[in-house]
Each structure stands twice: as structure tokens, then as C-alpha cells.
Amino acid sequence: MSRTAYLNGEFLPLDEARVPVMDRGFLFADGIYEVAAVLHGRLVDNAGHLARLDRSLSEIGIRNPHSAEAWERLEKELVERNGVREGLVYIQVTRGVAERDFSYPKGDVAPTVVMFTQEKSIVSNPLAETGARAITVPDLRWKRRDIKSVALLAQVIAKQQAAEAGVAEAFMVEDGVVTEGSSSTVFIVTKGGALVTRPLSHAVLPGITRKAVLALAEETGLAFEERLINARELPEAAEAFYTSASAFVMPVVEIDGKALGDGRPGPVARRLRELYFAFAEGSPGQ
């Protein structure tokens, strides 16, 4: 089955989708993206992703070309056209096509909208059973990480370092403090049993899965705290895990070559993963 993409109002074969050379997303990474999970052919926690898309666009002054309802209709149609039962739907919006100039183009330039899907095993990801391994790397990114920018070169470098080390994720560190994973939010469980993640600020992306996991922890009476995590805490943690739209809740069993706990996925991460799957199965309004 050939894949279908969406480009500027038209559904068309993926290999026929073309963006002009002068698109500012290509020239300047002047754009925003979002990724939502698909489970059993249904979008997961999609309202949060679309709200974050709207916020990110607003933060850099790009007009949101669609309402949340219109976006969701397009996502659902794209998922259906591609027959995706489990995977991801990707949205990218750039400032549009204009003569190359650093300042914003004058006039009413239409944003460029690109959407596509990817099939991906989320439920039966074998890493969830064995636990993922991670390394720490310097955080090389810009200062507005709360904006989901398409400028991902620093994350690409971090992911490549992880791949070369034979591990699944890179935890980024700035001034001795963990910011987040290269494409995820970082959590630890201290030996005292406290669930910890970094508070929201310009330094980190407001993860949609992060938000849901914290709500689930609160509903089940699991205490948590939002504070900075010193990189020195990582190897001493009882557990660690990361969250994202594509990984849901992923236990981590080793960081920088040192095993955490008994080297197996810990009970907190396993429980939160179960709770998140139950939440995903019943995501409203999809």
C-alpha cells in the first residue's frame, strides 16, 4: 500500500509531495511540528498535542492555519487513508515560501502544512520488557526549548551519539543538571521512593505524555516532585524512565554503563506504563 501525505490542502502519494526550495522551513528551520500517537487506529491524547501546536505557532508568530477540529479531521483522514493501526501522525507548519531573508516575509504569506503517518510498534516494543539503556550528553540546544521547533540538529547529534553507543536514548545535561532526553522527558525514582521530573520552563518542552503521566501518578496516590535533577543523581537512582508520544513510558535500566537497581525495569515505571496504556485506550473524543 503506497503511503499518502497531506500537503497544503491536498492528499497525495508521499513520493509526489514536494516543498519549494524557498520554503522557510527548509532554509531557516522556521517552523513548528507535532507528533501524536495512534493506537488501534485512534489518536491518543490528541487535544494536548494540538494545543501545544497552537502555542508553539503563536510563540514564533506563525498563523495557525486550522482550528483544532479541522486539524483532527485531517489527522483522522490521513490515518484512515494509510491504514495505520499503531504508529504516529506527524504535523509540520512552516512560515511559508518567500524570498530568502532572515526577517519575516511581508504580507500575508500562507503557512506551509505537511502531514504524514508512520507505522511504529508501541505496545509490543521489546525495550519495555528488557528496559532501555541511555547515555548522558551535553545539551547543545537554543534557549526556547518549550517551543517545538523543527530545528532539531542538536537532538540529531545526541541521537547519533546514542546510536553509536548502542543505546536507545541520550539524556541531555546543562550546567550539571538534566534537561530532558533527546526526544523525551526524563523521570527518576529516588531510593527513597520519590518520583522526580524537571519543572516546566523555557529550558524544556512541555511534554504531553509527561502531563498525562503526572496526572495518573496523582490519581493513584503516587507522590511526585518537580525539581531539577542533578546529573550525579542519575546513576544512584532506584529507577529511571522517559516519556514521549512514541515511547509512552519507557523504563531505563542503565545510564552511562551503570545499571540502575537490579538492572530490570522497576515497579514504578512498569505500573505507570500500564496506567498510560489504559489511559491511551480510552483517550476521549477520538
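View 1. The bridge partner of L7 is E10, in strand 2. This is a predicted model: local features need pLDDT of at least 70, side-chain atom pairs count only at pLDDT 80 or more, and totals for chains, interfaces and linings use all residues. Residues are numbered from 1 along each chain as its sequence is written, and side-chain values use heavy atoms, with hydrogens and water left out. Strand 1 (residues 4-7) and strand 2 (residues 10-13) are antiparallel and share four bridges. Strands here are DSSP runs of E with at least two residues, helices are runs of H or I with at least four, and both are numbered from the N terminus. Two strands pair if DSSP finds at least two bridges between them. Two residues separate the strands of this hairpin, and N8 takes a positive phi near 50°.

View 2. Strand 5 and strand 6 pair in the antiparallel sense through eight bridges. In that setting, V89 stands opposite T117 of strand 6. Strands of a sheet pair through backbone hydrogen bonds, either parallel or antiparallel. Axes are lines fitted to C-alpha atoms, for helices over the stretch in contact, and angles run from 0 to 180 degrees between N-to-C directions.

**View 3. D30 and R95 form a salt bridge.** Their side chains meet at 2.6 Å, N to O. A salt bridge is a side-chain nitrogen of Lys or Arg within 4 Å of a carboxyl oxygen of Asp or Glu. D30 is in the loop between helix 1 (24-28) and strand 3, R95 in the loop between strand 5 and strand 6 (112-119), and the two are 65 residues apart. D30 is buried at 9% relative accessibility, and R95 is buried at 7%. Buried means under 20% relative accessible area, exposed over 50%, and partly exposed in between, with a 1.4 Å probe and protein chains only. The structure holds 23 salt bridges.

View 4. The side chains form a salt bridge of 2.4 Å, N to O. E34 sits in strand 3 and R52 in helix 2 (residues 46-59), 18 residues apart. E34 is buried, with a relative accessible area of 2%. R52 is also buried, at 7%.

**View 5. R210 reaches E226.** The closest N and O atoms of this salt bridge are 2.5 Å apart. R210 lies in helix 6 and E226 in strand 12 (residues 224-226), so the bridge ties together parts that are 16 residues apart in sequence. R210 is buried at 5% relative accessibility, whereas E226 is partly exposed at 41%. A network of salt bridges with shared partners joins D139, R141, K143, R145, E174 and E180.

**View 6. Helix 6 packs against helix 7.** Their axes come within 10 Å and cross at roughly 110°. The two helices are therefore roughly perpendicular, a label for angles of 65 to 115 degrees; under 35 counts as roughly parallel, over 145 as roughly antiparallel, and the rest as oblique. T209, A212, V213, L216 and A217 of helix 6 make the contact with L272, L275, Y276 and F279 of helix 7. Contact means heavy atoms within 4.5 Å.

**View 7. The largest nonpolar core has 27 residues.** A nonpolar core is a set of buried Ala, Val, Leu, Ile, Met, Phe, Trp, Tyr and Cys residues joined through side-chain atoms within 4.5 Å. V44, L195, V213, F241, F248, L272 and Y276 touch the most other members. Elements giving two or more residues include strand 10 (185-189), helix 6 (208-219) and strand 15 (248-255). Helix 7 supplies the largest share, seven residues. Beyond neighbours within four places in sequence, the contacts of F248 include A37, V44, I122, T209, Y276 and A280. A second, separate core has 22 residues, among them A36, W71, V79 and I147.

View 8. N125 lies between strand 6 and helix 4 (127-130). Leaving out residues up to four places away in sequence, N125 touches M250 and R273.
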